[in-house]
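Visitor: I would like to learn how to read a few features of this model. Please take them one at a time, with the general idea ahead of the case.

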Amino acid sequence: MTQSLEIPVQEFTLAWTMTADKGGRVGFAASGQVTLLDNKRFYKIDGVLYISEGSAYCRDIGNPHLFVRRNGVEESGRQWGWETICTRKSCSRLCAMDAYFVRTGYWAPADKAIQLSIGAESGWNRKRSYSPTITVRLDD
(Lines give C-alpha, C1' and ligand atoms only; values in the text may rest on other atoms or scores of the structure.)
Protein backbone atom coordinates (compact mmCIF):
# COMPACT_ATOMS: atom_id res chain seq x y z
CA MET A 1 0.00 0.00 0.00
CA THR A 2 1.40 3.38 -0.97
CA GLN A 3 1.25 6.51 1.08
CA SER A 4 -0.11 9.66 -0.56
CA LEU A 5 2.27 12.18 0.92
CA GLU A 6 2.32 15.51 -0.86
CA ILE A 7 5.42 17.65 -1.12
CA PRO A 8 4.97 21.45 -1.26
CA VAL A 9 3.18 22.75 -4.32
CA GLN A 10 4.90 24.80 -7.03
CA GLU A 11 2.57 27.41 -8.52
CA PHE A 12 2.89 28.49 -12.17
CA THR A 13 1.46 31.19 -14.41
CA LEU A 14 2.10 31.49 -18.12
CA ALA A 15 0.81 34.42 -20.18
CA TRP A 16 0.81 34.70 -23.98
CA THR A 17 -0.66 37.27 -26.36
CA MET A 18 -1.58 36.57 -29.97
CA THR A 19 -2.00 39.50 -32.36
CA ALA A 20 -3.74 39.88 -35.71
CA ASP A 21 -2.75 41.88 -38.75
CA LYS A 22 -5.85 44.03 -38.24
CA GLY A 23 -4.72 45.07 -34.76
CA GLY A 24 -6.75 42.66 -32.64
CA ARG A 25 -5.02 41.13 -29.63
CA VAL A 26 -6.09 38.24 -27.43
CA GLY A 27 -4.27 37.35 -24.24
CA PHE A 28 -4.23 33.78 -22.96
CA ALA A 29 -3.04 32.46 -19.63
CA ALA A 30 -2.46 29.07 -18.07
CA SER A 31 -2.07 28.88 -14.33
CA GLY A 32 -2.12 26.20 -11.70
CA GLN A 33 0.20 24.07 -9.65
CA VAL A 34 2.60 21.16 -9.94
CA THR A 35 3.01 18.72 -7.06
CA LEU A 36 5.15 15.67 -6.38
CA LEU A 37 3.18 12.82 -4.81
CA ASP A 38 3.82 9.52 -3.03
CA ASN A 39 7.36 10.20 -1.83
CA LYS A 40 8.39 11.81 -5.17
CA ARG A 41 7.26 8.87 -7.31
CA PHE A 42 4.59 10.74 -9.29
CA TYR A 43 3.89 14.30 -10.43
CA LYS A 44 0.52 16.02 -10.83
CA ILE A 45 -0.16 19.12 -12.91
CA ASP A 46 -3.46 20.80 -12.10
CA GLY A 47 -4.43 23.98 -13.93
CA VAL A 48 -6.69 26.07 -16.10
CA LEU A 49 -6.32 27.68 -19.55
CA TYR A 50 -8.33 30.87 -20.06
CA ILE A 51 -8.60 34.14 -22.00
CA SER A 52 -7.09 36.93 -19.93
CA GLU A 53 -7.87 39.87 -22.26
CA GLY A 54 -9.35 40.81 -25.63
CA SER A 55 -12.00 38.13 -26.05
CA ALA A 56 -13.81 40.33 -28.61
CA TYR A 57 -10.93 39.77 -31.06
CA CYS A 58 -11.09 35.93 -31.26
CA ARG A 59 -12.25 36.01 -34.90
CA ASP A 60 -9.58 38.58 -35.80
CA ILE A 61 -6.79 36.21 -34.81
CA GLY A 62 -8.42 33.32 -36.70
CA ASN A 63 -10.24 31.63 -33.80
CA PRO A 64 -7.38 29.17 -33.14
CA HIS A 65 -7.71 25.99 -31.08
CA LEU A 66 -5.68 26.35 -27.87
CA PHE A 67 -4.07 23.69 -25.70
CA VAL A 68 -1.42 23.28 -23.00
CA ARG A 69 1.57 20.98 -23.38
CA ARG A 70 4.24 19.71 -21.00
CA ASN A 71 7.80 18.47 -21.21
CA GLY A 72 10.01 17.03 -18.48
CA VAL A 73 13.66 17.80 -17.91
CA GLU A 74 16.13 15.43 -16.28
CA GLU A 75 19.23 16.42 -14.31
CA SER A 76 21.44 15.63 -17.33
CA GLY A 77 19.41 18.01 -19.52
CA ARG A 78 17.67 15.20 -21.40
CA GLN A 79 13.99 15.93 -22.07
CA TRP A 80 11.00 13.59 -22.17
CA GLY A 81 9.34 15.14 -25.23
CA TRP A 82 6.34 17.44 -25.54
CA GLU A 83 2.91 16.03 -24.77
CA THR A 84 -0.49 17.75 -24.94
CA ILE A 85 -2.17 17.78 -21.52
CA CYS A 86 -5.27 19.87 -22.27
CA THR A 87 -8.12 19.28 -24.71
CA ARG A 88 -7.97 21.61 -27.71
CA LYS A 89 -10.60 24.34 -27.36
CA SER A 90 -11.38 27.04 -29.86
CA CYS A 91 -10.73 30.58 -28.79
CA SER A 92 -14.45 31.40 -29.02
CA ARG A 93 -15.32 28.44 -26.73
CA LEU A 94 -12.78 29.68 -24.18
CA CYS A 95 -14.86 32.87 -24.00
CA ALA A 96 -17.73 30.82 -22.57
CA MET A 97 -15.81 28.38 -20.38
CA ASP A 98 -12.22 27.99 -19.22
CA ALA A 99 -10.38 24.75 -20.01
CA TYR A 100 -9.41 22.84 -16.86
CA PHE A 101 -6.76 20.14 -17.02
CA VAL A 102 -5.08 17.56 -14.78
CA ARG A 103 -2.13 15.40 -15.75
CA THR A 104 -0.31 12.85 -13.60
CA GLY A 105 2.73 10.80 -14.46
CA TYR A 106 5.74 8.92 -13.22
CA TRP A 107 8.56 10.97 -11.66
CA ALA A 108 11.95 9.26 -12.02
CA PRO A 109 14.86 9.98 -9.64
CA ALA A 110 16.71 11.80 -12.47
CA ASP A 111 13.78 14.17 -13.18
CA LYS A 112 14.21 17.76 -12.02
CA ALA A 113 11.69 20.07 -13.73
CA ILE A 114 8.52 20.35 -15.82
CA GLN A 115 8.29 22.73 -18.78
CA LEU A 116 4.91 24.11 -19.86
CA SER A 117 3.72 26.11 -22.85
CA ILE A 118 0.50 27.10 -24.59
CA GLY A 119 -0.04 25.98 -28.18
CA ALA A 120 -2.40 27.20 -30.89
CA GLU A 121 -3.59 25.51 -34.09
CA SER A 122 -5.17 27.67 -36.75
CA GLY A 123 -6.40 27.42 -40.32
CA TRP A 124 -7.13 24.46 -42.54
CA ASN A 125 -3.50 23.39 -42.52
CA ARG A 126 -3.49 23.44 -38.69
CA LYS A 127 -0.53 25.77 -38.51
CA ARG A 128 0.87 25.59 -34.97
CA SER A 129 2.44 28.30 -32.88
CA TYR A 130 3.65 28.11 -29.30
CA SER A 131 4.10 30.47 -26.40
CA PRO A 132 7.45 30.81 -24.68
CA THR A 133 8.00 28.00 -22.18
CA ILE A 134 8.15 28.25 -18.43
CA THR A 135 10.12 25.83 -16.28
CA VAL A 136 8.78 24.69 -12.93
CA ARG A 137 11.64 23.22 -10.86
CA LEU A 138 10.50 20.45 -8.55
CA ASP A 139 13.68 18.89 -7.25
CA ASP A 140 16.97 20.53 -6.26
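Visitor: How many salt bridges does the structure hold?

Guide: A salt bridge here is a side-chain nitrogen of Lys or Arg within 4 Å of a carboxyl oxygen of Asp or Glu. The structure holds six of them. This is a predicted model, in which local features need pLDDT of at least 70 and side-chain atom pairs count only at pLDDT 80 or more, while totals for chains, interfaces and linings use all residues. Residues are numbered from 1 along each chain as its sequence is written, and side-chain values use heavy atoms, with hydrogens and water left out.

Visitor: Which residues are linked in a network of salt bridges?

Guide: R70, E83 and R103 make up such a network. In the pair R70 and E83, the closest N and O atoms are 2.7 Å apart. R70 belongs to strand β4 (residues 65-74) and E83 to strand β5 (residues 83-84), 13 residues apart. Strands are DSSP runs of E with at least two residues, numbered from the N terminus. E83 also forms a salt bridge with R103, again with closest N and O atoms 2.7 Å apart. Because E83 lies in strand β5 and R103 in strand β7, this pair ties together parts that are 20 residues apart in sequence.

Visitor: Is R70 buried or exposed?

Guide: Buried means under 20% relative accessible area, exposed over 50%, and partly exposed in between, computed with a 1.4 Å probe on protein chains only. R70 has 7% relative accessibility, so it counts as buried. E83, at 30%, counts as partly exposed, and R103 is partly exposed with 23%.

Visitor: In what order do the four strands of the open sheet stand?

Guide: Strands of a sheet pair through backbone hydrogen bonds, either parallel or antiparallel. For the count used here, two strands pair if DSSP finds at least two bridges between them. The order in this open sheet is β1-β2-β3-β7, and the pairing is antiparallel. β1 (10-19) and β7 (99-106) stand at the edges with a single partner strand each, so one side of each has no neighbour in the sheet.

Visitor: How many bridges join β1 to β2?

Guide: Ten bridges join β1 to strand β2 (residues 25-37), and the two run antiparallel. Within this pair of strands, Q10 stands opposite V34 in β2.

Visitor: How many disulfides does a search of the whole structure find?

Guide: A disulfide is a pair of cysteine sulfur atoms within 2.5 Å. The search finds zero.
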